[in-house]
Amino acid sequence: MKPLTPAFSGLRSTNSVPRFTWAVWFLLAIHAMVALAGFVAPYSFETQDREHPYARPTRLHFVDCSGKFHFHPFVYVTKAAENDLNDYQQDCAQTAGIEFFPHGDSYTILGMFSSTRHLFGVRAPANLFLMGTDGFGRDQFSRLLYGGQVSLFAGFVAAAFSVIAGLLLGGIAGMYGGTVDDVAMRFAEFFIAVPWFYLLIAVRAFLPLQISPITAFLLVVAVIGLVGWGRPARLVRGVILSARERNFVLAARGFGASNAYLLRRHLMPLTFRVLLTQMAVLIPQFILAEVILSFLGLGIGEPFPSWGNMLAQAQQYHVLVSYWWMLLPGLAPVPVFLAYHSLAETLQERIKSNI
Amino acid sequence: MRLVLLWCVTALLPFLAGSQAVAQEDLLRTTSDPGVRGGKLVIAQRSEPRTFNPVVAIDQNSYGVNARLQADLIHINRATQKTEPALAKSWSVSKDGTQFTLKLRRGLRFSDGQPFDADDVLFSFKVYLDEQVHSSQRDLLIISGKRVKVEKLDAYTVRFTFPSPYAPVERVFDGLAILPRHLLEKDYQAGKIGQAWTLNTPPEKIVGLGAFRLKQAVPGDRIVLERNPYYWKIDSKGQRLPYLDELTFVVVPTQDAQVIRFQAGDSQIISGLSADNYAALEPEQKTRHFKLYDAGPGLEYNFLMFNMNSDVEGRLPEITRKQKWFLDVRFRQAVSLAIDRSGIVRLVYRNRAAALATHVSPGNKAWFDSSVPVPVRSLPHARELLKAAGFSWNADNTLLDSSGQPVEFSIMVSSSSAQRNQIATLVQADLKAIGISAHVVPIEGRSANDRLLNTHDYEAIVMGLVSGDADPAPDLNILESNGQTHLWHLGEKTPATPWEAELDQLMQKQLVTLNYQQRKQIYDRVQEILAQQLPMIYLVSPNILVGAQENLGNFHPAIIEQYTFWNAEELFWHPPAGK
């Protein structure tokens, strides 16, 4: 078996260091659900049921209108009253059982696999709106899962951008020192000081109308990531500065290793643990940045959902007072942030215990 | 004791003078329910008025406040949509329809007690017609490029001579405030009338013939008006109007905040309610003692419009390429047929709106042409039209033009309008069903206006317009090919198409046709052409939704602007039961 290099050894689980907890499993589960949103969600994110605007979450029943118990959960067909769209009445004569792997809206997973089969659902004319619907009659649960693809992806890609940029510039600054270090660090400080929120508003405003919402979104994500590279760069520089004086580096240099070789082979691997922790800290920050931008209408546009633009609807007074389920997208990031923070803390402690 | 007596006599003098004046004044007796004097009314506005000067006011908030401070010669009754006498007691029209002679009310006074006569009318129209003043009302007084001539026949008779017969002549006078010559003539002669009567002008210097006069202006916060003791209307019992002692306009910038203030009783009238907020407030009517009103479809019309401006050629190649689709009437008709208007009415307006075939809403009872059918969604028909226009579909149901390019365009929409954003999203979903990929682009209002009116850098837009009057005359600017707001093709020198040439002729003809029936026939033809050619794809007209405290008397919401307080002088508070 290949021995672990010093860089990776810190992640080994031993009795003396904190173990990865529920956070990893939770994050894996939530990312898997979101990645497989097309399969897990009973509907497409853009499917409108214009007969069911602002429908409450569908109630699952085990006991029918006549009081009879059923082992298999079912739903009733509901219909809005003619003169009051808020008043949905259930039709006791029409029921539909929850089905597993039924056919429904077509979807593609990771741009590769197309299918129409979903994890669960009910047959029309019944509906299964686990988190209710929005004003267009779109299923909030399905949109929350699809929206997670945007919000979580935004956080991850932007954090990866930041960390890679930070690794390159921080590594070069730490390795070469002197003027290179000064220029790179002043540059990093400039980006730390930039009011990113206003920069993003300006960038979004400059984008032409004709580009697709996805392109606009990716550009915004790229900006979030590039603006955020300053802190990781300073951390990487610190690690490189101390590591370049260590014996094994000096020995390698004595054997004629070039700066580029030293960086690539010996120094950059030492930053791995720091960067992993940085990723765990930056991802929730950048998810939040995307949520804020979309909340303010600067992120991804209709009909594509994100946690921010879903929550944006709750800015309206009537939504706030009448449809509590429209606030659920605001709760979605909370467990994700907690899990990432728990992960970051665990990584931090493992690094400390390894030192 | 003598001092107290002197003080009492001094304090009572204006009232004694007022009651004496009633006998000499030519007062207007209203037919509304007689009310009870006293009390205050608070109305919330989105922003403060920009000016108290009716000559240069261009925003709705200024109009709303100024209409309470000033009066016009002939007024449009917002409830009946018909004209009625105001400062002019009566009028007559010459046989050829060009001369309009008005008899003014005698013995009226401005809110500072100074008398009103024909010289004030002459002065007011001199100001409005002066090119240097840049009054927005000037356009109304220029007919076929020629100015209206105003003459004084005697101290209480004025004659207006129009260059040609002018059908909506009576309606022109609505909103043209008669200015106090004794106060503003100096400013006018000094070329400073545009700068007069700002929000910082001392209240006693702002004078008018309206039901109220200015008491206090706190910029950014509130405008307080008090009753004008010289007002010229009385109720059926002979009581001088207005009933209210004070009328306050407070600035509440968002509709949601206005709803909360109204619920809390901080303001007693709310207008421009969205259907969603109306639904949210509806259950609380009894417990919070207010009443909501649905006045039916207003004069606002929302539409989808494609960019057909010819000046984009060579400047914006992508838009020029797409204009091959936009300029084809079959494409526009197919888009119109693909849109589910009833879905918009149901989802965006909760059934409190009317689907439209043209820009004239069913609320405009005098001019609405009910024989023009509202398009009903028909995807097969839309597909037939597209096929006939040379479009085809690929295996993914994507619509392709004759050169094989996918049909894709952006729909610009002002981000500040939640309803229009919702409309755009529904249109986007509807168009997907015929293979069109539309991207909704919410954009800040001023930037959207700039693209629409100046740079023409947009592909399609969902927007709305509100007609200020039920009469067809204000539509001239939009429908005539050389109109200032001929939005689908701005700056058109001559009509680009035969149907636009016919529109031009019809609009000019209706303007000089004095007989209502004949004029209606002409305007019906205008509506037929618009429904067929669809330069704008008309979608919906929302209902006017308002609310007021339940004990507010004479509250009659209208569908023309100043929906709720157009008759502020007649509003009164019912005394609590048992008193």
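Good morning. The structure before you is a predicted model, and I shall begin with confidence. Chain A has an average pLDDT of 84, and 91% of its residues score at least 70. The exception I wish to raise is residues 1–15 of chain A, where the pLDDT is below 50. In the model this stretch makes 14 contacts beyond near neighbours in sequence. Where pLDDT is low, predicted coordinates should not be read in detail.

I turn now to chain B. The domain assignment divides chain B into domain 1, comprising 29–289 + 550–573, and domain 2, comprising 300–542. The C-alpha centres of these two domains of chain B are 34 Å apart. Their contact draws 17 residues from domain 1 of chain B and 17 residues from domain 2 of chain B. Which element gives the most to the domain 1 side of this contact? That element is helix H7 of chain B, residues 275–281, which provides four residues. By residue class, the domain 1 side of chain B consists of ten nonpolar, four polar and three charged residues.

The next topic is the nonpolar cores. The largest one contains 165 residues. Among the residues with the most contacts inside this core are B:Met305, B:Ile411, B:Val427 and B:Ile537. Strand E24 of chain B contributes the largest share, nine residues.

Leaving aside neighbours within four places in sequence, its contacts include B:Ala424, B:Val427, B:Ala438, B:Val440, B:Ile461 and B:Val462. B:Gln428 and B:His439 are also among the contacts of B:Ile411.

A second, separate core has 79 residues, including A:Tyr54, A:Ala126, A:Val236 and A:Phe286.

Finally, I consider B:Leu534. This residue sits in the loop between helix H17 (516–533) and strand E24 (536–549) of chain B. Is B:Leu534 buried or exposed? The criterion for a buried residue is 20 or more other C-beta atoms within 10 Å of its own. B:Leu534 has 24 within that distance, and therefore counts as buried. Beyond four places in sequence, B:Leu534 is in contact with B:Val329, B:Arg332, B:Gln333 and B:Ser336. B:Leu534 and B:Leu479 are separated by 55 residues in sequence, while their C-alpha atoms are 12 Å apart in space.

Thank you for your attention.

Terms used:
Residues numbered from 1 in each chain as written. Chains lettered and ligands numbered in written order. Predicted model: local features only at pLDDT ≥ 70, side-chain atom pairs only at ≥ 80, totals over all residues. Domains from an automatic or database assignment. Contact = placed C-beta atoms within 7 Å. Helix = DSSP H or I, 4+ residues; strand = E, 2+ residues; numbered from the N terminus. Nonpolar A, V, L, I, M, F, W, Y, C, P; charged D, E, K, R; others polar. Buried ≥ 20, exposed ≤ 12 C-beta atoms within 10 Å, placed from the backbone. pLDDT = per-residue confidence, 0-100. Core = buried A, V, L, I, M, F, W, Y, C linked by C-beta atoms within 7 Å.
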